[in-house]
Amino acid sequence: MSLPVVVSPIPGPRSLAMYEREQESIAPGLQSVTQWARVCFSHGEGAALYDLDGNTILDFMAGIGVASIGHAHPTWQAAVATQAGKLAAGGFTSESRVRLLESLRGLLPPELSRMQFYSGGAEAVEAALRLARCATQKSMVLGFWGGYHGKTDGTRPLSEGEQVGYGLPTPGVVSVPYADPRYSPFAGPDLVERTIDFMREHVLHGTNRDIAAVIVEPVQGRGGNVVPPPGFLHAVKEAAHELGALFICDEMITGFYRTGPAFAFMHDDATPDILIMGKGFGNGFPVSGVVTTEEISRAEPWGKPSGNSSSYGGNALACAAGAATIEVLREEQLGANAVEVGGRMLRRLRQLVERSPLVADVRGKGLLIGIELNREGRPLTREELKEIFLQLLSRGLLVMPSGSSLRINPPLVLSNEEADAGCEILEEVLVGVRVGAEV
Ligand SMILES: Cc1ncc(COP(=O)(O)O)c(C=O)c1O
């Protein structure tokens with residue numbers, strides 16, 4: 001267990017010097033928070049990050065849900081180092097890939113029996129969309145407002161805010177409102193029913209009705225860790241099938257026990273036709289994947305030899321990292337920990353709605369929590385959000401701001417003591433008069 005220890009300003013002089021050196025060559029466009037923080041981390045352990053100036057920072061960001069078993073977990077380190085000393089490149093059968101496939105089968109319903117691996121999230125999303133188009137021989141994909149599925153040309157039209165400024169978007173995508181209890185035009189007691197009705201109507205009146213897939217995040221991550229009402233996923237699945245489309249769950253963020261069960265579709269008993277996984281899967285090693293049924297996987301040309309392979313996908317090193325991560329997730333029962341520690345945090349942080357003039361809403365599932373910030377009824381400006389992010393960081397807490405929300409997605413090894421320490425800093429900043437005055 002590591003609690004925040006702040007011994008110098010953050011960023012301190014060593015971090016700043018390294019940041020300035022990097023600025024000589026790095027292209028612009030990195031994550032905003034990295035440029036706001038200007039901090040250089042030397043190493044991590046569990047839920048703690050250590051910077052060059054000797055500060056210990058509690059990590060509620062985890063590389064946006066990537067470091068699921070915590071930084072530098074010894075089992076993961078040993079598996080990656082051992083495999084790196086043997087074989088890393090190539091797509092041939094490897095012991096580690098067989099181990100990974102078998103352990104994933106153990107997490108999934110029996111019908112989801114065919115998997116393929118990739119390196120990045122958007123790459124896996126694109127593979128899933130290609131597969132859906134092959135399997136249905138249809139053209140369009142339906143996504144949701146506020147969604148995020150990547151920055152490639154095929155995924156940008158499904159990612160809110162990523163289309164503007166790039167000219168004509170890749171065609172073939174339509175979007176409808178997500179069942180967002182705060183911001184959907186259908187917010188209210190019949191949110192799920194009205195959302196699904198609108199989805200059907202929109203396909204009927206606003207598209208060529210040739211829908212290959214409906215793609216959805218069980219909790220919208222970049223949207224601000226937005227939790228839809230129970231039953232939403234199941235209703236989306238039924239509507240997708242009525243439309244003759246496949247139901248795709250993008251579990252890049254929600255997968256691998258972050259919300260409790262191995263995958264978030266399990267809350268709603270809504271097994272997808274195609275599941276997309278990544279992030280918490282490799283604990284930092286770039287590995288992602290697509291899972292589907294025997295029948296769908298045979299769709300051509302996707303299922304033809306070389307039909308969906310890639311240079312790095314499923315290599316022995318990536319699979320060793322994935323298999324080790326799953327082993328730790330299961331052995332340390334990190335899904336149960338996510339439920340316990342996440343529930344404790346959610347109960348405590350919800351009190352901020354009453355206590356802080358800035359907090360409009362707190363929602364979450366497991367260790368995926370969103371704090372919605374408002375000021376006098378309006379979303380915070382980017383500058384205001386940056387100020388809050390920096391105030392939290394200066395006290396030794398790293399969180400992920402997004403839109404007008406703070407996203408909390410720490411490593412799943414987070415202890416109750418670490419959770420309490422982080423909540424205390426959040427309360428101090430969000431309730432404290434200092435923030436009220438400065439922001
Ligand atoms: C749900 C979801 N899908 C896809 C992606 C894209 O992943 P990547 O950044 O690895 O391309 C992300 C990234 O945050 C995501 O949250």
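Which residues does Met1 touch, not counting residues up to four places away in sequence? In this predicted model, the contacts of Met1 are with Ser415, Glu417 and Glu418. Met1 belongs to the segment before α1 (13–23). With 12 other C-beta atoms within 10 Å, Met1 is classed as exposed, because the limit for that class is 12 or fewer. A separation of 33 Å lies between the C-alpha atoms of Met1 and Asn315, which are 314 residues apart along the chain.

The segment before α1 also holds Pro11. The peptide bond that joins Ile10 and Pro11 is cis, with omega about 5°. A cis bond is likewise found from Glu300 to Pro301, where omega is near 10°. Pro301 is placed in the loop between α9 (294–297) and α10. Most peptide bonds are trans, and most residues other than glycine have a negative phi. Arg38 has a positive phi, near 50°, and is not a glycine. Arg38 is located in the loop between α2 (32–37) and β1, and is partly exposed, with 18 other C-beta atoms within 10 Å. For Ile64, also not a glycine, phi is positive at about 60°. Ile64 is part of helix α3 (residues 62–65); its 17 C-beta neighbours inside 10 Å place Ile64 in the partly exposed class.

Strand β3 (residues 56–59) runs parallel to β14, and two bridges join them. Within this sheet, Leu58 is opposite Leu397 of β14.

The other open sheet has seven strands, in the order β4-β10-β9-β8-β7-β5-β6, again with mixed pairing. Its edge strands, β4 (114–118) and β6 (173–176), each pair on one side only. From one strand to the next, the twist averages 20°. Strands of a sheet pair through backbone hydrogen bonds, in either a parallel or an antiparallel sense. Strand β5 (residues 140–144) pairs with β6 in the parallel sense, over four bridges. Gly143 has Ser175 of β6 opposite it. Helix α7 (residues 191–206) packs on the sheet and touches β5, β6 and β7 (211–216). The direction of α7 makes about 145° with that of β6. Helix α8 (residues 232–242) packs on the sheet as well, touching β7 and β8 (246–250), and its direction makes about 145° with that of β8.

Strand β7 is joined to β5 by three bridges, the two strands running parallel. Ala213 in β7 is the bridge partner of Val141. β7 also runs parallel to β8, with four bridges between them, and Val214 has Phe247 in β8 as its bridge partner. Six of the six residues of β7 are buried, so β7 is largely enclosed by the rest of the structure.

Helix α5 (residues 95–107) packs against helix α10 (residues 316–331) at an angle of about 35°, and the axes are 8 Å apart. The crossing of α5 and α10 is left-handed. On the α5 side, the contact involves Ser96, Arg97, Arg99, Leu100 and Ser103. These meet Ala316, Cys319, Ala320, Gly322, Ala323, Ile326 and Glu327 in α10. Sorted by class, the contact of α5 with α10 consists of six nonpolar, three polar and three charged residues.

The ligand is surrounded by 15 residues, of which Gly120, Gly121, Ala122, Gly150 and Met252 are the closest. Helix α6 (residues 121–136) contributes the most to this shell, with three residues. By class, the shell around the ligand is made up of six nonpolar, six polar and three charged residues.

Key: Residues are numbered from 1 along each chain as its sequence is written. This is a predicted model: local features need pLDDT of at least 70, side-chain atom pairs count only at pLDDT 80 or more; totals for chains, interfaces and linings use all residues. Two strands pair if DSSP finds at least two bridges between them. Axes are lines fitted to C-alpha atoms, for helices over the stretch in contact, and angles run from 0 to 180 degrees between N-to-C directions. Two residues are in contact if their C-beta atoms, placed from the backbone, lie within 7 Å. A crossing is left-handed if the near helix is turned anticlockwise from the far one by less than a right angle, and right-handed if clockwise. Ala, Val, Leu, Ile, Met, Phe, Trp, Tyr, Cys and Pro count as nonpolar, Asp, Glu, Lys and Arg as charged, and the others, Gly among them, as polar. A residue is near a molecule or strand if its C-beta atom, placed from the backbone, lies within 6 Å of it. A residue is buried if 20 or more other C-beta atoms lie within 10 Å of its own, exposed if 12 or fewer, and partly exposed in between; C-beta atoms are placed from the backbone.
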